[in-house]
Amino acid sequence: MSKEFIPAAKPIIGDEERAAVDAVLRSGMLAQGAEVAAFEQEFSTVLLDGRAAVAVNSGTAGLHLGLLAAGVGPGDEVIVPSFTFAATANSVALTGATPVFADIELEHYCLDPASVASKVTERTKGIMPVHLYGHPADMSALRAIADEHGLALYEDAAQAHGASLHGRKVGTFGAFAMFSLYPTKNMTSGEGGMVSTDDAGRERTLRLLRNQGMLKQYENEIVGFNARMTNLHAAIGRVQLTKVGGWTEARQANARYFDQHLTGVGVPEVADGAVHVYHQYTVTVAEDRDGFVAALKEEHHIGSGVYYPIPNHRLEPFRRAEDLPNTEQAARTVVSLPVHPSLDDEDRDRIVHAVNTLAKAGA
Ligand SMILES: *Cc1c(COP(=O)(O)O)cnc(C)c1O
């Protein structure tokens, strides 16, 4: 049996990406320009059914600017999951608003609508679900709550390029949505983010916010950041965009294989009408999850990830007493196995064998 280490994630960078970067380097036009504009257009066509896309230099910047463009600021509350990457709550806090943590459901690890409803106050401005691991959050139920209370919906789609619910792509539900282009995500630009919106005014504000408050040089309209994407990053992203569909199919095929062959661990569920893009293939290990992760690595040379061992409401900047039992249970039991498109048949068999062996030994 091969003992080569199987990493938890593996960005795929090929000759085409290298050639695209080299062409930008040769052009001398390194900063935001034609490559970025083309990437926005193509991203909109491929992943957003034509909804506008604005490129920025990270997913976190995308969330921050999206919230600002949506008018979120001091005194506002935005309901977010605690079971997510810290960027979700950080971006809310950076606007001066308060992230309010709701619980998740344990089928797909996304916001639990009932918990969200219980967190609405007169200060609530919006709800920001995360399409965690590449599975869409329950947007119909969240839309109903938002409409009932006059709230906006925003989407953290950092992990969910191409996921959909009843035929509608994630990133087309919210007042804005953000996709991350970090190297471990389903596609990358090196670092980067894409923000979608259906509102022309909000799109314009996003373009202002990312560039010192100007669309034209020295015609500053508002206070803004430098959150521009470079042509170098966009060139990588444009190539990746032509491949992400095939990579998603490979992730889904790997997931189907694991669904059929894993025993002794809880496998991920997919909601009715949902297309899961398996940014992560996340299983649950009821007893001694951390021992399982260590044995997977040391005995079987298989990488894995725990996303997320510490919920946001227990991180120092957001520490508060909260009763979020599903969040706590997930933080204790989840493990994400390698599901990336570079796995070959032997890798998949090694993963299945290792997980089933460890699960049996631990049972
Ligand atoms: C990766 C990620 C982000 C942040 O994206 P960056 O591009 O790393 O800034 C935000 N939210 C979630 C859920 C993520 O996984």
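The model is predicted: local features need pLDDT of at least 70, side-chain atom pairs count only at pLDDT 80 or more, and totals for chains, interfaces and linings use all residues. Residues are numbered from 1 along each chain as its sequence is written, and side-chain values use heavy atoms, with hydrogens and water left out. The whole structure holds 19 salt bridges. The largest pocket has about 630 Å³ of space.

**Salt bridges**

- A salt bridge here is a side-chain nitrogen of Lys or Arg within 4 Å of a carboxyl oxygen of Asp or Glu.
- Glutamate 203 pairs with arginine 207, with the closest N and O atoms 3.0 Å apart.
- Both residues lie in helix H7 (residues 200–209), 4 residues apart, about one turn of the helix. Helices (H or I, at least four residues) and strands (E, at least two) are DSSP runs, numbered from the N terminus.
- Glu203 and Arg207 also belong to a network of salt bridges with Glu40 and Arg210.
- Glutamate 328 forms a salt bridge with arginine 314, at 2.8 Å between the closest N and O atoms. This pair links distant parts of the chain: glutamate 328 sits in helix H11 (residues 325–333), and arginine 314 in the loop between helix H10 (289–298) and H11, 14 residues apart.
- Glutamate 316 forms a salt bridge with arginine 319, the closest N and O atoms being 2.9 Å apart.

**Exposure of the paired residues**

- Buried means under 20% relative accessible area, exposed over 50%, and partly exposed in between (1.4 Å probe, protein chains only).
- Arginine 207 is buried at 19%, while glutamate 203 is partly exposed at 21%.
- Glutamate 328 is partly exposed at 22%, as is arginine 314 at 34%.
- Glutamate 316 is exposed at 60%, and arginine 319 is exposed at 54%.

**The largest pocket**

- On a 1 Å grid over the protein atoms alone, a pocket is an open set of points where a 1.4 Å probe fits, with protein on both sides within 12 Å along at least five of seven lines; lining residues have an atom within 4 Å of a point.
- Its volume is the space filled by probe spheres set on the points, which are joined across faces, edges and corners.
- Of the 42 residues that line the largest pocket, Ser180, Tyr182, Thr184, Lys185 and His279 are the closest to its centre.
- Helix H3 (59–69) gives the largest share of the lining, at 3 residues.
- Domain 1 (15–241) and domain 2 (244–361) both give residues to the lining, so the largest pocket lies between them. The domain bounds come from an automatic or database domain assignment.
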